[in-house]
Amino acid sequence: LVANSQHDLHIVIAEEGYTIAENRNYIAVQAIKNGSTHVLMVDDDMTFPPDVLDTLLANDKDICGVAYHPRSADGEIVKYINAGNNELTPIKIEQLDDPTYKVPFKVHATGTGVMLIKCSVFSKVPRPWFMFEYHETGQCKLGEDWYFCVKAGENGIETWCDPRPKIGHL
């Protein structure tokens, strides 16, 4: 991606003593301080085509993730929260004939394994942008990525998912 990019890139790797949520908040702050227009979140266990940044930029969405498989035994299912009914919708995206899932589609939430966010979003959504939400039993009920998408939605910002880039999840 870096070798093929025509964009002015500022690379931030937050890795010392931070939780995933703190890492993402730190990266967002660094992007704001740097005067960046976008943040491309990429987890260290993701593989992607070198043009993924250009693909996501071309969508011109405030928040745009990609369809990728969780690290699961079957490796077949993409999970996201459907924008229409706010319910968790597991799908086998490669097997769908529905044209809705062949182009970018609106979702309520999706993972930040590979996600492009316009930095203007961070001025519209109150901090902390990324945070875990826990059930009273101590179980995590909402990861930092979905928390961000849900909170953005509560502040009038849509989240999209682009199924076209071929993304791997190690």
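Q: In which helix is lysine 151 found?
A: This is a predicted model, in which local features need pLDDT of at least 70, side-chain atom pairs count only at pLDDT 80 or more, and totals for chains, interfaces and linings use all residues. Residues are numbered from 1 along each chain as its sequence is written, and side-chain values use heavy atoms, leaving out hydrogens and water. Helices are DSSP runs of H or I with at least four residues, strands runs of E with at least two, both numbered from the N terminus. On that basis, lysine 151 belongs to residues 144-154, which form helix α4.

Q: Which side chain of opposite charge is nearest to lysine 151?
A: Lysine 151 is buried, meaning under 20% relative accessible area with a 1.4 Å probe, protein chains only. Lys and Arg count as positive, Asp and Glu as negative, with His and the chain ends not counted. Lysine 151 has no salt bridge, a term for a side-chain nitrogen of Lys or Arg within 4 Å of a carboxyl oxygen of Asp or Glu. The nearest side chain of opposite charge, 7.3 Å away, is that of glutamate 154.

Q: Within what arc do the buried residues of α2 fall?
A: Helix α2 (residues 52-59) has Val52, Leu53, Thr55, Leu56 and Asn59 buried. They line one face of the helix, because, seen down its axis, they fall within an arc of 160°.

Q: Which strands do the buried residues of α2 pack against?
A: Contact means heavy atoms within 4.5 Å. The strands against which the buried residues of α2 pack are β1 (38-42), β3 (63-66), β7 (114-118) and β10 (159-162).

Technical notes
Buried < 20%, exposed > 50% of the residue type's maximum accessible area, 1.4 Å probe, protein only. Arc of directions from axis to C-beta.
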